[in-house]
Amino acid sequence: MKVFYNYLPNEFSDVEAIIADWKKLIKSSDFTLGEFVSNFEDKFKKFLNVKHCISTNNGTDALILSLKSLGIGPGDQVITVTNTFYATVGAIVAVGATPVLIDCDNRFQIKVNDIEKAITNKTKAIIPVHWGGASPDMKSIMDISVKHNIFIIEDSCMGIGALVDGKAPGTFGNVNAFSMHPLKSLNVMGDGGMVVTDDDKLAAWMKKYRNHGMIDRDHIEFWGVNMRLQPLQAIVASHRLDQLNETIKKRNENAKYLDNNLQNISKNIIIPKRVYGNVETFALYMGLFNNRDELKSFLISKNIEVKVHYPIPLHKQKAAHDNCICSSDFKNAEDQANKILTIPVHQFLGIEHMKYVVEKIKEFYKI
Ligand SMILES: *Cc1c(COP(=O)(O)O)cnc(C)c1O
């Protein structure tokens, strides 16, 4: 049996419907923004039940556009978590602001208790990350935002299809970012991203900034850039959105099996607690495992393609030395970096694969 990590060949094994729409696009030659892009934006808007969706090139651009729209730049500080993908911090640096990194909790999410200590008079925003497709304590984060009058930009790049007590990631903050990179729960055949907001003024500014600051082909209101989503990808995304609920359901069934069969079976294994009422996308099913590196080699030798996200937290990266403020003890992130392991639970695996994974983990620890 093979528990494979890359499911993209399976996902795109039948592309007839996508190609049929691509043919329509090619006929219209509406290759920059246009109808297919705005149709997908409308569909995403309905899915999330928000006022504005502005699609972008990728998730990193979505974060940069979000930060820019709120006027965040040089001299400003933005708080985020040390165990996230590089782009969260890269986007803060790209707009000229200073990242302030804090620790994570035992669910691998931003440690809410450390946020207030990191706030200074330069703090403009907090970027909570829905890391791995689980969600941080959004209610407490929103309370902190109100109390200190600080913007929230959700990094919901892994959170499409998740729920926080019935409410979707990307619907809490002021301006929020999504990614449709191949490894996310809603993915295209390359890069794609989305910014979401209920603020009319910010949305109008972002639509222009994304497209050179253009009012129309002959008039520029301010200098912008090109962050446009490709219509070819908007079509892929639109088809994938139709399958999203089924995708999330299957992943949750697989994850539930692992939870039930790995939690509390050995002190060598820690599976994070699930928050009652939340739905996760399981972009990454992560647990903490003693002797992680040996376990990883063992599982790979048994055809179980596990990964590590990530062995080095961002505050320890060379890139962080000069321009990040470290505002935590990072006890959790550093401990987790040595033990964390990601097990595939994607929608092209079933309970038989999960049984095999549990069996092999038990064999390794002699349980
Ligand atoms: C994927 C990801 C990004 C970046 O998205 P891209 O589309 O790859 O640019 C940012 N933050 C998080 C948490 C991500 O998982």
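Helix H4 (59-69) gives three residues to the shell around the ligand, the largest share; helices are DSSP runs of H or I with at least four residues, and strands are runs of E with at least two, numbered from the N terminus. The model is predicted, so local features need pLDDT of at least 70 and side-chain atom pairs pLDDT 80 or more, whereas totals for chains, interfaces and linings use all residues. Residues are numbered from 1 along each chain as its sequence is written, and side-chain values use heavy atoms, without hydrogens and water.

In total, 15 residues surround the ligand, with Gly 59, Thr 60, Asp 155, Ser 179 and Lys 184 the closest; a residue counts if one of its heavy atoms lies within 4 Å. Helix H5 (86-94) also gives two or more residues to this shell.

An N or O atom in the side chain of Asp 155 is 2.8 Å from a ligand nitrogen. Polar side-chain atoms of Ser 179 and of Lys 184 each lie 2.6 Å from a ligand oxygen. The protein covers 95% of the 380 Å² of accessible area that the ligand has on its own, according to the Shrake-Rupley method with a 1.4 Å probe.

Elsewhere, charged side chains pair. The count comes to 21 salt bridges, each a side-chain nitrogen of Lys or Arg within 4 Å of a carboxyl oxygen of Asp or Glu. In one of them, Lys 208 and Glu 221 bring their closest N and O atoms to 2.9 Å. This pair links helix H8 (residues 200-209) with the loop between strand E9 (219-220) and helix H9 (231-262), 13 residues apart.

Notes: A polar contact is a pair of N or O atoms within 3.5 Å; within protein, one must be able to donate a hydrogen and the other to accept it, and residues adjacent in sequence count only if both atoms are side-chain atoms.
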